[in-house]
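Please read it beside the sequence and the model.

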Amino acid sequence: MSVLEMREMVKEYRLREGLRTTRLRAVDNVSFELTPGRTIALVGQSGSGKSTIAKLLMQLERPTSGSILVDGEPMQYRGARAAAYRKAVQMVFQDPFGSLNPYHTIGHHLARPVTLHHPDFTREQVDERVLELLRRVRLDEDYVGRKPHELSGGQRQRVAIARALAPEPAILVADEPVSMLDVSIRLGVLNLLAALQREENLGVLYITHDLATARHFSDEIMVLYHGAVVEHGSADDVILNPQHEYTQLLAEASPAPERRLAELGH
Amino acid sequence: MSPVLSIENLSIDYLAETTVHAVREVSLTLERGEILGLAGESGCGKSTLAYAITRLLKPPAQITSGRVVFSSREGYDVDLSRLAGDDLRAFRWDKIAMVFQGAMNSLNPVLRISEQLEDVFITHRPELTKAERRIRSGELLERVGVDRNRLRAYPHELSGGMRQRVMIAMALALEPQVLIMDEPTTALDVVVQREILLEITRLRAELGFAVIFITHDLPLLLEISDRIAVMRAGLIVELDDALTLYTKPKHPYTRRLLSSFPSLTGERGGFVRSGDLGDLDGTELDETEQTVEAVEMESR
């Protein structure tokens, strides 16, 4: 699998208010293409539909209309092709404190996806693969026996990344992977993601509301507003020369100390 | 100008299995009407410091040395460590109020907004009648940009940003002279965050209170603060006005914090998409800091 395409995707939710029902269009006619080695950032406010798009990609929601194509073929929800799809598209969640089971060791978290996706592996092969995954995310091998509470937030998120890499995916969906982490380790985790992306030639969908990291981490940026893409272009174009007024609003709202300090200095 | 709050040599220990020095001999002054930013990573002791100022620390935390003096607008000084019982209860919120971390979840889900706002008046202004309380609560909400009709709402009916505004309204209810805000805008998206920040700056100009603004988001602090203190492992490593701190940071830790934010419009800073990884663990917490974090979380 190499190219993942979302085409004219629409997702509506039914809202009930007493006896009346209304429809909320969470994703409104969104199309984009994820190719190996490229990163697309999806930015927008809370409630703009970013996470719904991630859920649609992860098969956690069914589209109202529109389609997801894998190398030009429609994605399947059942059968061998669906299994192959689920192996190829993996996700890193926002909260490293909530996404790891406190009861299990780090080794267990990594061994599960390995055994699920390689039922033919012997125990030695699985162990070897787990250690390799830890090395990939630059964690010491002795973390295998540790529990999540013994790790810092950044280390936990690196375990979550290793877990997503375990089935050898082609596409990685990263939903705010660093927003819960301390500022000084955010860059480290993003740099690691970028390095892994290069090593594995991954297509990455980076979901965030932080425009600054979106700009530096991605090739393209899509700005989402009320479920619709209002601006889509190369990262520097969208940030430095925003066309749509909503993108301008987002850029205005982002902390930019230079602006105020320039005022202070003169 | 005389400071409204002066912290002198304040040290706080957590008497856990191993004693943790969470705050070490911190001295700070807060000028009247100033916004003082307090920056640092989780576990550096910034929340502990804030809780100490409002005397909200619970065992195993203990103030081992130093004092906090509040100088009122009316011209008297209060040593906060001497206050106890009813005096402390009357003082808190009236002179120093606080907006807590994760404030959106600190509203009581089963009480209407009106009841929670009026509770402040019932405790601190018992002379007010019910009708007066209602009017004051309505004014408060409008002051922070929430419609008066929302008084009857329950917290779950409000968005995160609105709940945050309600919390700020609650903190402003008695027109305190000092407002302590502990990560008031984390968990909000950038647009709502911007609205809240503008609101805070506007209210400060209107009411003239001083703010201690605690966050790990240094760019944000640079935008709104007059002075910034950078904290690490319980110590204030650098304290300067915003412009100097940004243009001429002295301490290597400040420089590292500054460089860990990629700039929106400028250079990439420490961000390498295609270079080497550098030291991943370089800035992770060391052992003692992790313990402080753990104890802090436990004591909440």
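Strand 7 of chain B is mostly covered, with five of its five residues buried; buried means under 20% relative accessible area, exposed over 50%, and partly exposed in between (1.4 Å probe, protein chains only). Helices (H or I, at least four residues) and strands (E, at least two) are DSSP runs numbered from the N terminus. This is a predicted model, in which local features need pLDDT of at least 70 and side-chain atom pairs count only at pLDDT 80 or more, while totals for chains, interfaces and linings use all residues. Residues are numbered from 1 along each chain as its sequence is written, chains are lettered from A and ligands numbered from 1 in the order in which they are written, and side-chain values use heavy atoms, with hydrogens and water left out.

- Strand 7 of chain B pairs in the parallel sense with strand 6 (residues 96–99) of chain B over four bridges; two strands pair if DSSP finds at least two bridges between them.
- Within this pairing, I96(B) has V178(B) in strand 7 of chain B as its bridge partner.
- Strand 8 (residues 210–215) of chain B also runs parallel to strand 7 of chain B, and five bridges join the two.
- D182(B) has I214(B) in strand 8 of chain B as its bridge partner.

**L179(B)**

- L179(B) lies in strand 7 (residues 178–182) of chain B and is buried, because its relative accessible area is 1%.
- Apart from neighbours within four places in sequence, L179(B) is in contact (heavy atoms within 4.5 Å) with A97(B), M98(B), V99(B), A171(B), L172(B), F209(B), A210(B), V211(B) and I212(B).
- W93(B) is 86 residues from L179(B) in sequence, and the C-alpha to C-alpha distance between them is 8.9 Å.

**The antiparallel sheet of chain B**

- Four strands of chain B form an open sheet in the order 2-1-4-5, with antiparallel pairing.
- Strand 2 (19–31) and strand 5 (77–79) of chain B stand at the edges with a single partner strand each, so one side of each has no neighbour in the sheet.
- From one strand to the next, the twist averages 5°; axes are lines fitted to C-alpha atoms, for helices over the stretch in contact, and angles run from 0 to 180 degrees between N-to-C directions.
- Eight bridges pair strand 1 (residues 3–15) of chain B with strand 4 (residues 61–71) of chain B in the antiparallel sense.
- I12(B) has I63(B) in strand 4 of chain B as its bridge partner.
- Helix 1 (residues 46–53) of chain B packs on this sheet and touches strand 1, strand 2 and strand 4 of chain B, its direction making about 115° with that of strand 1 of chain B.

**Chain B overall**

- Chain B has 10 helices and 10 strands, and 54% of its 300 residues are buried.
- Of the contacts in chain B with a separation of 6 or more, 69% are between residues 24 or more positions apart.

**Q157(A)**

- Q157(A) belongs to helix 5 (residues 153–165) of chain A and counts as buried because its relative accessibility is 0%.
- The side chain of Q157(A) reaches the backbone oxygen of Q94(A) at 3.4 Å.
- Beyond neighbours within four places in sequence, the contacts of Q157(A) include V92(A), F93(A), P96(A), P177(A), L181(A) and V189(A).

**Salt bridges**

- Over all chains the structure holds 31 salt bridges, each a side-chain nitrogen of Lys or Arg within 4 Å of a carboxyl oxygen of Asp or Glu.
- R23(A) and E12(A) meet through their side chains in a salt bridge (2.8 Å, N to O).
- R23(A) is in strand 2 (residues 20–34) of chain A and E12(A) in strand 1 (residues 4–17) of chain A, so the pair ties together parts 11 residues apart in sequence.
- R23(A) is exposed, with a relative accessible area of 54%.
- E118(B) and R133(B) form a salt bridge (4.0 Å, N to O).
- E118(B) lies in helix 3 (residues 113–124) of chain B and R133(B) in helix 4 (residues 130–143) of chain B, so this pair ties together parts 15 residues apart in sequence.
- E118(B) and R133(B) are both buried.
- A network of salt bridges links R165(B), E195(B), E199(B), R202(B) and E206(B).

Notes. A polar contact is a pair of N or O atoms within 3.5 Å; within protein, one must be able to donate a hydrogen and the other to accept it, and residues adjacent in sequence count only if both atoms are side-chain atoms.
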